[in-house]
Amino acid sequence: MEKASLSKSEKKYSLDSLFNPKAVAVIGASRKEGSIGYMIVKGLKEGGFEGKIYPINPNADEILGIKCYPSILDVPGEVSFAVIAVPQKLVLEVVEQCGKKGMGGVTVISSGFAEVGNIEAEKALREICDRYNMWLVGPNIIGTLSNPAKCNASFSPQLPYPGNIAFVSQSGALLIGLIGQTVIKKIGMSHVISNGNMAGLDFADFVEALDKDEHTKVICLYIEGFKDGRRFLEAAKRCSKPIVALKAGVSKRGEIATRSHTGSLAGSPKVYKSLFRQAGVLQAFTVPGLFHRAEALAHLNPMRGDNLLIITNGGGIGVLATDAAEYYGIPLQEPPKDLQDAMRKWMPEFGSPRNPVDITGMGDRESYAGALRDALTHPWTDGVVVLYCETAQTDPMDIAQGIYQVIQETKTEKPVVVAYVGGERSEAAGEWLIQHGIPFYDDPEFTMSSMGTLRERGRYLERSKANGEFEPFEVDREGVRQILDRVRSESRLSLTEYEAGMVFKCYGLPYIKSVIVNNEHEAVGAARAMGFPLALKILSPDILHKTEAKGVVLNISSEDGVRAAFDAIMHNARAYKPDARIQGILIQKMARPGPTEVIMGASKDPQFGPVVMFGLGGIFVEVLKDVSFRAAPISPAEALEMIKEIKSYEIIKGYRGKKPKHVEYLAETISRLSQLITDFPEIKEIDANPAMLYEDDLDIVDALITLEE
Ligand code: COA
């Protein structure tokens with residue numbers, strides 16, 4: 001059906017046949033009660049799927065009272081998609097038949113593909129689907145579930161609780177468990193997709209399709225690794241809806257586990273964190289955290305400023321929430337005096353209108369509603385967290401209804417979330433709030449992880465508007481081309497420091513002034529012209545580790561010193577590698593005193609392609625690993641954010657009377673570096689380490705570039 005109405009290229013990206021199916025075939029539908037092939041037919045039937053169900057089994061006439069067909073080619077009507085649940089060795093044959101029949105795509109439940117090293121079979125499966133222009137979900141999945149179509153095409157015993165969160169998960173078993181939880185916790189889902197080995201559709205495809213899906217407001221992802229991380233980042237950036245991701249395998253051990261689980265390589269957790277942030281993907285760290293965040297995003301607007309107010313009847317939960325607010329990046333501020341004065345009338349003498357606003361244990365419906373109304377109608381407030389500890393003399397339901405009434409009355413655009421700590425009466429009130437679209441939690445910490453996410457989303461929307469697109473700088477590409485060609489012609493993969501420095505110069509990267517000299521006489525002449533103090537370094541394509549070869553002398557402050565250093569370096573280099581080709585000695589000005597040492601680099605991430613890295617030098621990078629990453633290329637504005645992301649940013653910003661460093665110039669330099677690695681895919685790695693950052697300048701004092709083989 002979809003085939004007739006859509007062109008080839010359109011259909012590839014249309015998942016209408018998956019999200020809104022009219023007829024589903026189950027190939028491998030089984031008569032064995034409790035088997036996977038049986039449970040899929042049962043799930044479709046009992047889930048209330050209103051389209052046609054076609055069980056396929058050459059050995060059966062009917063399953064669960066539904067007529068069976070020996071093969072998909074015997075089905076009389078059109079089929080939206082087929083669920084494949086036959087043993088692996090039969091999969092290719094039945095998928096080929098699906099292609100001949102003509103349908104939107106296939107979901108392949110069967111295991112036994114790349115996850116166990118059977119790469120060839122997986123490749124063949126993909127080829128068949130491509131040949132017939134069918135989408136492919138899986139293999140090695142539990143199936144897919146769509147609430148709008150009441151289509152449980154999986155071996156989950158039930159559909160998830162209905163709502164507008166879509167969930168795509170690389171883990172099938174976890175997904176089945178979570179579907180059960182959504183029902184108990186009333187977390188509303190639109191589509192739930194198990195994507196397993198991702199031989200066909202990847203996270204990027206689902207993000208694109210769900211962005212267009214009218215039933216979905218938020219996209220949740222459980223990720224172990226990507227096939228093509230770069231494509232995912234681009235899809236996420238384009239996506240208009242919030243995406244929350246739980247990335248598994250962030251520990252060293254976990255990384256190994258996810259790799260063996262899905263057959264895909266997991267990238268470094270630091271890279272994920274930075275690149276997700278760049279693309280606006282919000283990160284969760286636990287399963288409940290994923291759902292809390294998604295719930296808040298599904299029901300509320302992003303928080304558009306930093307002014308968060310807590311209204312509470314208990315000091316204890318107020319303090320806990322205050323701590324959590326800081327942890328999640330929205331530290332509490334004191335509200336303006338007029339707002340404090342207004343709220344004072346809703347509390348006894350011993351209450352507090354500061355933040356948290358403590359209406360005390362006497363706080364009832366009227367006081368909660370009054371304080372909330374004042375807060376929401378005041379321009380200062382950007383979001384409110386309402387906390388309540390159940391007390392004998394107050395009615396949790398009454399308070400919940402008061403909160404709801406104020407939200408309705410004020411028609412507020414500002415996010416409000418609620419947490420109650422209490423017993424059955426509180427639980428009932430919480431359910432009532434959830435049914436009325438107000439995110440409700442039973443712990444103050446969850447209110448803050450949700451608010452933190454809403455603020456992060458708000459910041460991302462502001463920032464993506466402000467950052468703009470990357471605009472290439474005017475650079476000397478031809479100059480770089482010539483240097484790289486010369487290196488290649490000499491069958492080398494590493495540039496000498498001088499060559500790398502010249503590449504930097506072509507791209508406007510501030511490589512420190514350097515001169516090549518070939519004898520003592522030239523060295524002294526150059527030293528006189530440059531002025532002291534100076535550094536001398538061996539220049540040889542065969543000696544990459546200059547320090548190890550004792551090929552570097554720093555802080556030379558006299559002509560005699562230059563002569564001595566020249567002799568020593570030449571002698572050491574010959575001793576280190578007698579056949580090394582020596583191109584001379586590099587003389588550089590020593591960096592001025594007082595800089596902050598920074599490092600910048602660029603490399604190719606196996607999943608995300610070219611990335612740039614930034615950090616402070618020395619122990620900050622070596623011990624603390626305090627670095628940030630971005631997918632290249634990036635604008636100077638994005639580079640500035642990257643600089644601000646490191647924990648030791650205070651050192652650059654200036655502290656205890658120290659002046660701020662030249663951070664705009666640094667940001668421009670990182671942006672130029674990101675252009676260099678993007679323009680020349682043959683570059684494998686670039687290192688500007690160290691670079692000396694001053695209040696008014698930046699000098700790169702060592703340069704390293706290596707090429708792909
Ligand atoms: N077309 C359609 N049906 C066929 C068929 C064909 N060409 N050939 C056989 N069948 C039928 C069989 O007769 C059987 O039905 P029956 O039970 O009524 O006789 C049915 O297909 C299933 O075949 P069977 O050989 O019993 O397979 P199985 O149920 O033991 O296993 C899978 C099939 C797909 C479930 C199994 O191979 C598998 O991969 N399991 C792992 C699934 C999984 O865990 N996925 C990932 C989750 S994270």
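L534 stands opposite I556 in β22, a strand pair inside a four-strand sheet in the order β20-β23-β21-β22. The model is predicted: local features need pLDDT of at least 70, side-chain atom pairs count only at pLDDT 80 or more, and totals for chains, interfaces and linings use all residues. Residues are numbered from 1 along each chain as its sequence is written, and side-chain values use heavy atoms, with hydrogens and water left out. Helices (H or I, at least four residues) and strands (E, at least two) are DSSP runs, numbered from the N terminus. Strands count as paired if DSSP finds at least two bridges between them.

**Four-strand sheet**

- The sheet is open, and its pairing is antiparallel.
- Its edge strands are β20 (514-517) and β22 (552-556), each of which pairs on one side only.
- Neighbouring strands are turned by 25° against each other on average, direction ignored. Axes are lines fitted to C-alpha atoms, for helices over the stretch in contact, and angles run from 0 to 180 degrees between N-to-C directions.
- Three bridges link β21 (residues 534-539) to β22 in the antiparallel sense.
- Helix α22 (residues 559-576) packs on this sheet and touches β20, β21, β22 and β23 (584-589). Contact here means heavy atoms within 4.5 Å. The direction of α22 makes about 25° with that of β21.

**Seven-strand sheet**

- A second open sheet has seven strands in the order β9-β8-β11-β10-β12-β13-β14, with mixed pairing.
- β9 (151-154) and β14 (281-284) stand at the edges with a single partner strand each, so one side of each is left without a neighbour in the sheet.
- β8 (residues 143-146) and β9 run antiparallel and are joined by four bridges. The bridge partner of S146 is C151 in β9.
- Helix α7 (residues 172-185) packs on the sheet, where it touches β8, β10 (162-169), β11 (189-194) and β12 (218-223). Its direction makes about 160° with that of β11.
- Helix α11 (residues 269-279) lies across β12, β13 (243-247) and β14. It runs at about 140° to β14.

**Ligand site**

- The ligand has 24 residues around it, and S30, R31, K32, N59 and S111 come nearest.
- The shell divides into 14 nonpolar, eight polar and two charged residues. Ala, Val, Leu, Ile, Met, Phe, Trp, Tyr, Cys and Pro count as nonpolar, Asp, Glu, Lys and Arg as charged, and the others, Gly among them, as polar.
- A polar side-chain atom of N59 lies 2.9 Å from a ligand oxygen atom.
- Backbone atoms take part too: a polar one of I109 is 3.1 Å from a nitrogen atom of the ligand, and a polar one of S111 is 2.8 Å from an oxygen atom of the ligand.
- On its own the ligand has 960 Å² of accessible area, and the protein covers 73% of it. Accessible areas come from the Shrake-Rupley method with a 1.4 Å probe.

**Backbone details**

- N355 and P356 are joined by a cis peptide bond, with omega about 5°. P356 is in the loop between α14 (337-344) and β16 (357-358).
- The peptide bond from A632 to P633 is also cis, with omega near 0°. P633 is in the loop between β26 (627-631) and α24 (636-645).
- K150 is not a glycine, yet it has a positive phi of about 50°. K150 is found in the loop between β8 and β9.

Note on methods: A residue is near a molecule or strand if one of its heavy atoms lies within 4 Å of it. A polar contact is a pair of N or O atoms within 3.5 Å; within protein, one must be able to donate a hydrogen and the other to accept it, and residues adjacent in sequence count only if both atoms are side-chain atoms.
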